[in-house]
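Here are a few friendly notes to read alongside the model. Keep the viewer open and turn to each spot as it comes up.

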Amino acid sequence: MSATDEAILRRRATITDVARLADVSTATVDRVLNGRAGVKALTTRRVMQAAAELGYVDESDERAREVVPKGQIVFLLPEGTNRYLTQLGRQITEMAPHFERQSLRPTVEHIRSFNPELLGKALQKHAKSAAGIAFMGIEHPVVREAVTRIGAAGVPVITLISDVASPGRTAYLGLDNRAAGRMAAYLLARFITRRPAKVAMIAGSLGYRAHGEREMGFLDLLQEEHPGIEVVGLREGHDDEALNHRQMRMLLSQHPDLAGIYNIGGGASGVGRALKDARREREIVFVGHGLTPDTREYLVDGTMDAVITQSAEDTVRRCLTIFADLRAGRPVEAAAATMRIEVVFRENLP
């Protein structure tokens, strides 16, 4: 604050003082303080910050909270039976009061899974009014272009779980997915004692960069360190439990000697049911992603051997921190693969 501003604080501030500090007209200050329409959200925030800084209004009182509009934070998540994503959506809703305290209002919208055109349209639609957008990225030109345009327009964008290769995104909150895939291969190799052995993979969709990177990491480690383990197939289940069930049944039929399965995405219940139907849940090593009620149950009864996960609560909290810092004008360093990989076994269930 300048010497002039400090002098203003020693006397009672006026609308003219607020206008000067916020670099707007007195008419704009009047519209903001009286809650009238026609003022951009960023301008409104600047006026209210100036008014609070000069003591013209108390930033903590009810009147100030009413005047400052809550910025909408839109979370775009794939619809479907992926229980981890359902859990993430529920966590966002439960943490709404924490967003409200930062003058942010979270909303969750579900987009038809694996549809980049719908996702791209939703991104551009919400960018017109949202203070920020967080979404699970699909690696597709339509999505990349939308993120680039939104970022250039000044709207912060955070990718969750799966990133996109666009300079427009502000931050990525998810795992280092190649490392996660290598971890899955390491676990399967440790649990499978016989050699040679056959393992298979079921992905949600390789359109998700996360799933493609997990596949690459998985294959890399097996080729480097475990040549006696053969990967006999990669199938896509679109994170759908029923489709995963069919895919797993087909793999068991084609490869009766299958020793392990890596479920790269969601829909673990379908894989688990197929193993139980064949009464092979104790024979085949099963590693997957996302600690949810169904994967927890499979860990307890021995159907699953390990779950690689990231905390849904921590993901939402980090989103809130980034959006709140940006709204307050604090710089945010672009983050990539910042979430800690957690591996859960039956013995260390939280």
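1. In which loop is R279 found? R279 is in the loop between α13 (268–277) and β9 (285–289). Here helices (H or I, at least four residues) and strands (E, at least two) are DSSP runs, numbered from the N terminus. R279 is not a glycine, yet it has a positive phi of about 55°. Most residues other than glycine have a negative phi, and most peptide bonds are trans. R279 is also exposed, with a relative accessible area of 73%; exposed means over 50%, buried under 20%, and partly exposed in between (1.4 Å probe, protein chains only).

2. Before going on, please note that this is a predicted model, in which local features need pLDDT of at least 70 and side-chain atom pairs count only at pLDDT 80 or more, while totals for chains, interfaces and linings use all residues. Residues are numbered from 1 along each chain as its sequence is written, and side-chain values use heavy atoms, with hydrogens and water left out.

3. Now the overall picture. The protein has 15 helices and 11 strands, and its C-alpha atoms fill a box of roughly 85 × 40 × 35 Å along the principal axes. Of the 350 residues, 51% are buried. Take the contacts (heavy atoms within 4.5 Å) between residues at least 6 apart in sequence: 69% of them join residues at least 24 apart.

4. You will find D23 in the loop between α2 (15–22) and α3 (26–33). The phi of D23 is near 60°, a positive value in a residue other than glycine. D23 is exposed, with a relative accessible area of 64%.

5. Next, look at strand β4 (residues 157–160). V157 and T159 point one way from the strand, I158 and L160 point the other way, and all are buried. On one pairing, β4 runs parallel to strand β3 (residues 132–135) over 3 bridges, with I133 opposite V157. Two strands count as paired if DSSP finds at least two bridges between them. Strand β5 (residues 171–173) is also parallel to β4, again over 3 bridges, and A171 of β5 stands opposite I158.

6. Strand β6 (residues 197–203) and strand β7 (residues 229–236) form a parallel pair over 6 bridges. Between them the chain crosses through helix α11 (residues 209–225), and this β-α-β crossover is right-handed. In the pairing, A197 stands opposite I229 of β7.

7. Finally, visit the loop between α10 (177–191) and β6, where P196 lies. A cis peptide bond joins R195 and P196, with omega about 0°. I192 is found in this loop too. Is I192 buried or exposed? I192 is buried, with a relative accessible area of 4%. Not counting residues up to four places away in sequence, I192 touches A197, V199, A259, G260 and V285. I192 and I229 are 37 residues apart in sequence, and their C-alpha atoms are 9.1 Å apart in space.

Definitions and conventions. Right-handed = clockwise from strand over helix to strand, strands pointing away.
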